[in-house]
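Biologist: I have not seen this structure before. Please take me through the helices and the reasons behind the labels.

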Amino acid sequence: MNDPRRDLFRNANFRWLIGGGALSMLGDQFTLLALPWLVMGLSRDPLVLGTVLALGSLPRALFILVGGALVDRYSPRRVLMLTKWINVGLLGLLAGLTVTGSITLWGVYALTLAIGLATAFSYPAGSAILPQAVPAALIQPANGVLMGARQLVMLLGPVLAGLLVSSGSEPALQGHGLALAFGFDALSFAVSAWTLSKVTTAPRETPADQAMLGAIAESLRSCWQDHELRALFLYFAAIAFFVGGPIQVALPVLAAERLPGGAAALGVMLAAHGLGALAGMAVSGLRPQWRLSTLGGTVLLIDSIAGAVFLLFGHVHATWQGALLLLPLGALGGFVQVAVYSWLQRRIPPEMLGRSMALFMFIVMGLAPLASAAAGAALRVLDVTQLFTAAAVCLLGVVALGALFTPIRRIDYLETAAG
């Protein structure tokens, strides 16, 4: 039996993808830290910071389905390459304006909006290129390594970026640190564009030329008519809602109200969650044979365990207790993410992959702010223990409904794409 790790890193396409992708992900962490710092230097109004950050995510939510349609029409590689060079220009301009002191708040708004718009096209392109670049048998190991690298960068990147931005105590020196952070991100996009140019993708069927709305409608119909795909999309929408809200909103409240250290305790718990996710992604990618008889059964079992873990959250009164619970929760989530993502890339026909993956990301990302808002509203009438208990009951209820009334438990593993 071939070792997937050995086969994976023997694949030249994957080596180019992971090399450029890891560097680009690291650069993104520099901008994610430097941008709020820049805004706070221009305005101390928290509403301004909130609107800038919203402008970065709003275009992605609005245009990601359009991005998926363009990916299917023009190929993931071409769209991804274009977005990388656009980001080189935008971040290079941001770095230049910052280092010269010419940046204004309106300039930040405009550049953030443009960068957010580019991600609406790069996200579906990035998710659709892998099945065209590596053999079907290597898709899950490749996803495990790529997602694990992203998780590792999310843990280490902010530390490195923080050291760079805060390298000087004087405002002028901090301005140079911010410019270097944006410049590094621009450079990372340029290098990843070069590595992407080395990737060769398999030929695919050219989709029929049709209007943009028609192409999006076609993907919606296709996903809806596929009973297993429809069930999985709806199931993960519900799971994301009942997990995302408490993690994003109730966990900080718990840290502030009950745990010594407050923000430091929250940081430790989130780090434990991130480390767990990294471990789960690595196991799912490098040990894909560790599973139940079906993918659906594996997903339902893991989400049941996650629901049981959630029941204990409301009774946390020490940082180590929260970290001990979040570590396996992150691992379970990371394992499922790699397995399901790989299944989608194999299941969906290549000519429909950009639009369908964009739809999946639209569902999950679009529900995140709604879940946070709902959790915040619930905390007005419930305490933290009651909210975590209610979320756990709802999560277990979703698992039960999925097992009893949908075809999820019968969803099997696939080695090739349907089509």
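Biologist: What makes H9 and H14 roughly antiparallel to each other?

Modeller: First, a caution: this is a predicted model. The axes of H9 and helix H14 (residues 384–405) cross at roughly 165 degrees. Angles over 145 degrees count as roughly antiparallel. H9 and H14 are therefore roughly antiparallel. Their axes come within 10 Å, and H9 passes H14 in a left-handed crossing.

Biologist: Which residues make the contact between H9 and H14?

Modeller: On H9, they include Tyr235, Phe242, Pro246 and Leu254. On H14, Phe388, Cys394 and Val398 are among them.

Biologist: How do you know that the span of H9 agrees with its 32 residues?

Modeller: H9 covers residues 227–258. At 1.5 Å a residue, H9 should span 46 Å. Its end C-alpha atoms are 45 Å apart, so the two values agree.

Biologist: Where does H9 bend?

Modeller: At alanine 250, by about 35 degrees. Proline 252 follows within four residues. Alanine 250 is also one of the H9 residues in contact with H14.

Biologist: What makes aspartate 226 a cap of H9?

Modeller: A side-chain oxygen of aspartate 226 lies 3.2 Å from the backbone nitrogen of glutamate 228. The cut-off for a polar contact is 3.5 Å, so this pair counts. The capped end of H9 is the N-terminal one.

Biologist: Which residue caps H11?

Modeller: Threonine 294, at the N-terminal end. Its side-chain oxygen lies 2.9 Å from the backbone nitrogen of glycine 297. H11 itself has 19 residues, 295–313. H11 reaches 27 Å from its first C-alpha to its last, close to the 27 Å expected.

Biologist: Why is H4 called roughly antiparallel to H5?

Modeller: The axes of helix H4 (residues 76–99) and helix H5 (residues 105–133) cross at roughly 150 degrees. The cut-off is 145, and the angle must be over it. That makes H4 roughly antiparallel to H5. The two axes come within 8 Å. The crossing of H4 past H5 is left-handed. Leu80, Asn87 and Leu94 are among the H4 residues that meet H5, whose partners include Ile115, Phe121 and Gly126.

Biologist: What about H2 and H5?

Modeller: The axes of helix H2 (residues 12–42) and H5 come within 13 Å and cross at roughly 160 degrees. That makes H2 roughly antiparallel to H5. H2 passes H5 in a left-handed crossing. The contact includes Asn13 and Leu35 of H2, with Val108 and Leu130 among the H5 residues.

Terms used
Residues are numbered from 1 along each chain as its sequence is written. This is a predicted model: local features need pLDDT of at least 70, side-chain atom pairs count only at pLDDT 80 or more; totals for chains, interfaces and linings use all residues. Side-chain values use heavy atoms; hydrogens and water are left out. Helices (H or I, at least four residues) and strands (E, at least two) are DSSP runs, numbered from the N terminus. The expected span of a helix is 1.5 Å times one less than its number of residues. The bend at a residue is the angle between axes fitted to the seven residues ending there and the seven starting there. A polar contact is a pair of N or O atoms within 3.5 Å; within protein, one must be able to donate a hydrogen and the other to accept it, and residues adjacent in sequence count only if both atoms are side-chain atoms. Axes are lines fitted to C-alpha atoms, for helices over the stretch in contact, and angles run from 0 to 180 degrees between N-to-C directions. Angles under 35 degrees count as roughly parallel, over 145 as roughly antiparallel, 65 to 115 as roughly perpendicular and the rest as oblique. A crossing is left-handed if the near helix is turned anticlockwise from the far one by less than a right angle, and right-handed if clockwise. Contact means heavy atoms within 4.5 Å.
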